Amino acid sequence: MPRVLRYARLLGVGVLGVTLLSGCVANNPAASHTALAVDSSATNCAVSANEAPAGSIRFSVTNSGDQVTEFYLLAADGLRIVSEAENIGPGLSRDLVVQLDAGSYFTACKPGMAGDSVGKAEFTATKTDAAATVNVDRAAQIDTANSDYASYVSN
């Protein structure tokens, strides 16, 4: 492979690695999460609470509708996607675990995965001393992601 292409690929790997890790938190099965239930139907997106302590929050999304759906956690502006769970088929459930700072957010579902969202509602992550702090060596995660992806691309 020409050297220029190899460097371009590695640059792309670095950008992709940083992009992929920008919304990730360490997966710790023993960590405690605030658990919230979400029911996504054809016409509504019902979240079991509109407030939870900042930190690790698990949204357990169940699709009670008849179309594939998505669940969104949006920033305070109601536009920017903080996190999402996609491709949740009818009758299926999917968990979305997020690490949230204290602040204002919105939740919404998108039945059919096209068009307008339904059930858009305000959600607040409240400041608390008990909120877990994320102790992650981000540089090490980025290096690992870049190395793993570079290996994948070269094979």
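The structure is a predicted model, in which local features require pLDDT of at least 70 and side-chain atom pairs count only at pLDDT 80 or more, while totals for chains, interfaces and linings use all residues. Residues are numbered from 1 along each chain as its sequence is written, and side-chain values use heavy atoms, with hydrogens and water left out. The mean pLDDT (the predictor's confidence in each residue, from 0 to 100) is 81, and 75% of the residues reach 70 or more. Over residues 13-25, pLDDT stays under 50. For this stretch the model has 16 contacts (heavy atoms within 4.5 Å) beyond four places in sequence.

Strands (E) are DSSP runs of at least two residues, numbered from the N terminus. An open sheet is formed by five strands in the order E3-E9-E8-E5-E6, with mixed pairing; two strands pair if DSSP finds at least two bridges between them. Strand E3 (51-53) and E6 stand at the edges with a single partner strand each, so one side of each has no neighbour in the sheet. On average, neighbouring strands of this sheet are turned by 20° against each other, direction ignored. The pairing of E5 and E6 is antiparallel and runs over five bridges. Phe71 stands opposite Ala85 in E6.

Beyond four places in sequence, the residues touched by Ile57 include Leu36, Leu96, Leu100 and Phe123.

Ser56 is placed in strand E4. With 12% relative accessibility, Ser56 counts as buried, a term that means under 20% relative accessible area (1.4 Å probe, protein chains only). Ser56 and Gln99 are 43 residues apart along the chain, yet their C-alpha atoms are separated by 4.4 Å.

One disulfide was found, a disulfide being a pair of cysteine sulfur atoms within 2.5 Å. This link joins Cys45 to Cys109, with an S to S distance of 2.1 Å. The link is right-handed, with 45° about the S-S bond. Cys45 lies in strand E2 (residues 45-47) and Cys109 in strand E8, so the pair ties together parts 64 residues apart in sequence. Cys45 is buried at 5% relative accessibility, and Cys109 is buried at 0%.

Definitions and conventions. Helix = DSSP H or I, 4+ residues; strand = E, 2+ residues; numbered from the N terminus. Buried < 20%, exposed > 50% of the residue type's maximum accessible area, 1.4 Å probe, protein only. Axes fitted to C-alpha atoms, helices over the stretch in contact; angles between N-to-C directions.
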